[in-house]
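Please examine the sequence and the model shown below. The report that follows describes selected local features of the model.

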Amino acid sequence: QVQLVESGGGLVQAGDSLRLSCAASGRTFSSYAVGWFRQAPGKEREFVAAITWGGGSTSYTDSVKGRFTISRDNAKNTAYLEMNTLKPEDTAVYYCAADHDFRVVTSTGSLLRHVEVWGQGTLVTVSS
């Protein structure tokens with residue numbers, strides 16, 4: 001099983017950009033689908049974006065379409081979330097998740113308990 005470590009969070013102003021990274025340990029990262037989730041204070045963890053093991057398919061929640069881009073480099077065991085035109089409502093702790101089933105890393109609510117691996121999260125704060 002892989003382990004995930006997120007980085008790249010920080011404090012930015014509305015309209016700015018950030019790129020989050022999700023670095024994985026282990027040689028089997030390329031067999032996992034990867035998802036990004038976020039959790040704002042007092043709210044449930046929500047799906048943001050996901051990518052299949054080979055990068056051929058992606059999925060996004062409506063609120064980030066056109067602003068966020070998920071990608072991965074299996075040679076570097078790393079997945080990325082490029083976030084542009086950030087808004088205050090994007091403020092949250094962002095988590096990377098990995099699972100062999102793409103449907104799991106695009107799930108929400110109670111289905112998230114099926115995720116195989118979670119990272120520890122990285123905080124993104126967008127000021128207005």
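Phe47 has a relative accessibility of 9% and therefore counts as buried; the word buried stands for under 20% relative accessible area, exposed for over 50%, and partly exposed for values in between, with a 1.4 Å probe and protein chains only. Phe37, at 0%, is likewise classed as buried. Trp118 reaches 26% relative accessibility, so Trp118 is partly exposed.

The model is predicted: local features need pLDDT of at least 70, side-chain atom pairs count only at pLDDT 80 or more, and totals for chains, interfaces and linings use all residues. Residues are numbered from 1 along each chain as its sequence is written, and side-chain values use heavy atoms, with hydrogens and water left out.

**Aromatic rings**

A pair of aromatic rings is described by the distance of the centres and the angle of the planes. Rings of Phe, Tyr and Trp (for Trp, the six-membered ring) pair if their centres lie within 6.5 Å; planes under 30 degrees apart count as stacked, over 60 as edge-to-face, and the rest as tilted. The structure holds three aromatic pairs. Two of them are listed here.

| Pair | Distance of centres | Angle of planes | Class |
|---|---|---|---|
| Phe37 and Phe47 | 5.8 Å | 70° | edge-to-face |
| Phe37 and Trp118 | 5.2 Å | 65° | edge-to-face |

Phe37 belongs to strand S4 (residues 33-39) and Phe47 to strand S5 (residues 46-51), 10 residues apart, and their pair links distant parts of the chain. Trp118, in strand S10 (residues 117-118), is 81 residues away from Phe37. Strands (E, at least two residues) are DSSP runs, numbered from the N terminus. Together, Phe37, Phe47, Tyr95 and Trp118 form one aromatic cluster.

Arg45 also takes part in this region. Its charged end sits over the ring of Tyr95, 3.6 Å from the centre, and Arg45 lies over the face of Trp118 at 4.6 Å from the ring centre. A charge sits over a ring if NZ of Lys or CZ of Arg is within 6 Å of the ring centre and within 35 degrees of the ring normal.

**Val105**

Where is the place of Val105? Val105 is found in the loop between S9 and S10. Its relative accessibility is 0%, so Val105 counts as buried. Leaving aside residues up to four places away in sequence, Val105 touches several residues, including Phe37, Phe47 and Ala97; contact means heavy atoms within 4.5 Å. Val105 and Ile51 are 54 residues apart in sequence, with 8.4 Å between their C-alpha atoms.

**The disulfide**

A disulfide is a covalent bond between the sulfur atoms of two cysteines. Here the term denotes a pair of cysteine sulfur atoms within 2.5 Å, and by this rule the count is one. The partners are Cys22 and Cys96, with sulfur atoms 2.0 Å apart. Cys22 lies in strand S3 (residues 18-25) and Cys96 in strand S9 (residues 92-99), so the pair ties together parts that are 74 residues apart in sequence. The torsion about the S-S bond of Cys22 and Cys96 is about -75°, and the disulfide is therefore left-handed. Both Cys22 and Cys96 are buried.

**An open sheet**

Strand S3 also belongs to an open sheet of four strands, in the order S1-S3-S8-S7, with antiparallel pairing. Two strands pair if DSSP finds at least two bridges between them. Strands S1 (3-7) and S7 (68-73) stand at the edges, each with a single partner strand, so one side of each is left without a neighbour in the sheet. S1 and S3 pair in the antiparallel sense over five bridges, and Ser7 stands opposite Ser21 in S3.
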